[in-house]
Amino acid sequence: MANIIDGKAFAAKIRSQVKEDADRLIEKSKVEPCLAVVLVGENPASKVYVGAKTKMAAECNIKTKDYKLNDSTDQETLLKLIKMLNEDPDTHGILVQLPLPKQIDERSVIDAIAVEKDVDGFHAINAGRLSIGGDMLNKAFIPCTPLGSLLLLKDNVDDLTGKNAVVVGRSNIVGKPMSQLLIEESCTVTVVHSKTKNVESICSQADVVVVAAGRPEMVNGDWLKEGAVVIDVGINRIPVTKEDGSEGSKIVGDVDFESASNKASKITPVPGGVGPMTIACLLRNTVTSAYRHAGLGDPRGTVDSESQDQYKEKYINH
Ligand code: NAD
């Protein structure tokens, strides 16, 4: 039976580091980290995400400014708001909750966000920096879900070097940046997607499998190599019939947890795996941005959680 990777506990640890970093910044330079959260429309899932982000930011001593715009907001109005936030010296991170209503072009909006405030890491320049890797990562913001997934992997695999990693999904938000992060860790990476032939046999050769396909419980134990480490990014709500016969729903991942647990050595649950890491990494990116705006080095390594001592050694003692 696989060990369960507890993303909820690890995310709590990251948030406590973020709070320490925020407190130190406030004390040292009087800069208060601040995240602007822009929500357009009434999408219920988006409202829940935005609420959770705002609450957890407050717990980490990160200020938030909420901008709620109605469903019929036009692109020009949204771009004006982003321009104002780009120019506001007290705002360090700008988050525009996706998806946006159909009259707005998402790419134009994302690329209008100042690169150095793009804490979601979706701007074309941040995507380019991640793709180049190396020192460029120190200037980039890395998308929160793949960053959270990588932090979980680094905490659970002694050395990723040379491991066969398969990423299921090639979206700009998860699959592609995940594959680039794993290349940076010297994994041998294969990306599979909806047009890939023999997805199962490719997965069965992987030491590490990261699944972001948006297909409920698609990857099962038969697809996995004995001892594989499995990161399930999927969040899907599926209908269930409750014990009393009434109709309800539950959240499942893209991996069939039960059968996969019999093959994997370690696996993330859904919920309680990658989900909490995404918000923790957003807050981490926001505090990093505030440090950069204050002219200080990053409080943590881009993809490592450095200790305070390592931090001092790197940025203060030298
Ligand atoms: P997406 O729909 O943009 O991309 C899905 C990808 O999966 C595509 O590249 C597609 O080619 C691939 N795919 C679809 N069917 C496949 C199949 N049968 N075999 C192989 N590949 C297949 O989705 P996304 O935004 O990348 O999200 C993926 C999943 O992750 C969703 O369940 C989403 O809800 C979840 N998600 C979770 C978080 C989090 O915080 N945990 C964040 C973002 C997304």
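Trainee: How many bridges join strand E5 to E7, and in which sense do they run?

Mentor: Bear in mind that this is a predicted model. Strand E5 (residues 164-168) and E7 are joined by four bridges and run parallel. Two strands pair if at least two bridges are found between them, so with four bridges E5 and E7 count as paired. One of the residue pairs is Val166 with its bridge partner in E7, Val209.

Trainee: What makes E7 and strand E8 a pair, and in which sense do they run?

Mentor: E7 and strand E8 (residues 229-232) are linked over four bridges in the parallel sense, and because at least two are needed, they pair. Val208 has Val229 as its bridge partner in E8, while the partner of Val209 in E8 is Val230.

Trainee: How do you know that E11 belongs with its neighbours, and how many bridges join it to E8 and to E1?

Mentor: E8 and E11 are joined by two bridges and run parallel, and E1 is likewise joined to strand E11 (residues 266-267) by two bridges, in parallel. The cut-off is at least two bridges, so both count as pairs. In E11, Ile267 is the bridge partner of Val230, and Ile4 stands opposite Ile267.

Trainee: In what order do the strands of the sheet lie, and why are E1 and E6 said to stand at the edges?

Mentor: The open sheet is formed by six strands in the order E1-E11-E8-E7-E5-E6, with parallel pairing. Strand E1 (3-4) and strand E6 (188-192) each have a single partner strand, so one side of each is left without a neighbour in the sheet, and that is why they stand at the edges.

Trainee: What makes strand E7 covered on both faces?

Mentor: In E7 (residues 208-211), Val208 and Val210 on one side are buried, and so are Val209 and Val211 on the other. Buried means under 20% relative accessible area.

Trainee: Why is Thr91 called buried, and where is it found?

Mentor: Thr91 is found in the loop between helix H3 (75-87) and strand E4 (93-96). Its relative accessibility is 0%, and because buried means under 20%, Thr91 counts as buried.

Trainee: How do you know that the side chain of Thr91 makes polar contacts, and with which side chains?

Mentor: The side chains of Thr91 and Lys65 are joined by a polar contact of 3.1 Å, and the side chain of Thr91 makes another with that of Asp88 at 2.7 Å. The cut-off is within 3.5 Å, so both distances meet it.

Trainee: What surrounds the ligand, and which polar atoms of the protein are paired with its atoms?

Mentor: The ligand is surrounded by 21 residues, and the closest are Arg170, Ser171, Ser194, Val233 and Thr278. Helix H10 (residues 274-293) gives the largest share of this shell, three residues. An oxygen atom of the ligand is 2.8 Å from an N or O atom in the side chain of Thr278, a nitrogen atom of the ligand is 3.2 Å from an N or O atom in the side chain of Arg215, and a nitrogen atom of the ligand is 3.4 Å from a polar backbone atom of Val233. The protein covers 73% of the 850 Å² of accessible area that the ligand has on its own, and the space taken by the ligand is the largest pocket.

How values were computed:
Residues are numbered from 1 along each chain as its sequence is written. This is a predicted model: local features need pLDDT of at least 70, side-chain atom pairs count only at pLDDT 80 or more; totals for chains, interfaces and linings use all residues. Side-chain values use heavy atoms; hydrogens and water are left out. Buried means under 20% relative accessible area, exposed over 50%, partly exposed in between (1.4 Å probe, protein chains only). A residue is near a molecule or strand if one of its heavy atoms lies within 4 Å of it. A polar contact is a pair of N or O atoms within 3.5 Å; within protein, one must be able to donate a hydrogen and the other to accept it, and residues adjacent in sequence count only if both atoms are side-chain atoms. Accessible areas come from the Shrake-Rupley method with a 1.4 Å probe; for residues, only the protein chains shown count as cover. On a 1 Å grid over the protein atoms alone, a cavity is a set of points where a 1.4 Å probe fits but cannot get out, and a pocket is an open set with protein on both sides within 12 Å along at least five of seven lines; lining residues have an atom within 4 Å of a point. A molecule sits in a cavity or pocket if more than half of its atoms lie within 2 Å of its grid points.
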